[in-house]
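Subject: Structure handover

Hello,

Here is the structure I promised you. Please open it and keep it beside you while you read my notes.

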Amino acid sequence: MLRGVGPAYSCDGRKYCSEMRSCGDAKDFFKHCPTVKMDGDNDGISCENQWCT
């Protein structure tokens, strides 16, 4: 889970869909953590095959 309040986030090092716990996690990390690798087809939807169908 992302840590922080408001716009200040602290990403915990997870980068891949397999490391997420939910679609919500995936969306938050995709939005706030620039080093994630969760949109293989570059359509702007994170983890659509695993979490966010």
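Methionine 20 counts as buried, because its relative accessibility is 4%. Buried means under 20% relative accessible area, exposed means over 50%, and partly exposed lies in between (1.4 Å probe, protein chains only). The model is predicted, so local features need pLDDT of at least 70, side-chain atom pairs count only at pLDDT 80 or more, and totals for chains, interfaces and linings use all residues. Residues are numbered from 1 along each chain as its sequence is written, and side-chain values use heavy atoms, with hydrogens and water left out.

Back to methionine 20. It sits in the segment before α1. Helices (H or I, at least four residues) and strands (E, at least two) are DSSP runs, numbered from the N terminus. The protein has 1 helix and 0 strands.

What does methionine 20 touch, leaving out residues up to four places away in sequence? Its partners are Arg14, Asp25, Ala26, Phe29, Met38, Cys47 and Trp51. Contact means heavy atoms within 4.5 Å. Take Cys47 from that list. Methionine 20 and cysteine 47 are 27 residues apart along the chain, and their C-alpha atoms are separated by 8.9 Å.

Now the core. Methionine 20 is one of 10 residues in the largest nonpolar core. A nonpolar core is a set of buried Ala, Val, Leu, Ile, Met, Phe, Trp, Tyr and Cys residues joined through side-chain atoms within 4.5 Å. In soluble globular proteins, nonpolar side chains tend to be buried together.

Next, the disulfides. A disulfide is a pair of cysteine sulfur atoms within 2.5 Å. How many are there by this rule? The count is 3. Counting bonded cysteines along the chain, the pattern is 1-4, 2-5, 3-6.

- Cysteine 11 and cysteine 33: the sulfur atoms are 1.9 Å apart. The S-S torsion is about -95°, so this disulfide is left-handed. Cysteine 11 lies in the segment before α1 (23–32) and cysteine 33 in the segment after α1, so the pair ties together parts that are 22 residues apart in sequence. Cysteine 11 is partly exposed, at 34% relative accessible area. Cysteine 33 is buried, at 3% relative accessibility.

- Cysteine 17 and cysteine 47: the sulfur atoms are 2.1 Å apart. The S-S torsion is about -100°, so this disulfide is left-handed. The pair links distant parts of the chain, 30 residues apart: cysteine 17 is in the segment before α1 and cysteine 47 in the segment after α1. Both cysteines are buried.

- Cysteine 23 and cysteine 52: the sulfur atoms are 2.1 Å apart. The S-S torsion is about 115°, so this disulfide is right-handed. This pair also links distant parts of the chain, 29 residues apart: cysteine 23 is in helix α1 and cysteine 52 in the segment after α1. Cysteine 52 is buried, at 11% relative accessibility. Leaving out residues up to four places away in sequence, cysteine 52 touches Cys23, Ala26, Lys27, Ile45, Ser46 and Cys47.

Last, the totals. Of the 53 residues, 28% are buried. Among contacts with a separation of 6 or more, 28% join residues 24 or more positions apart.

Best wishes
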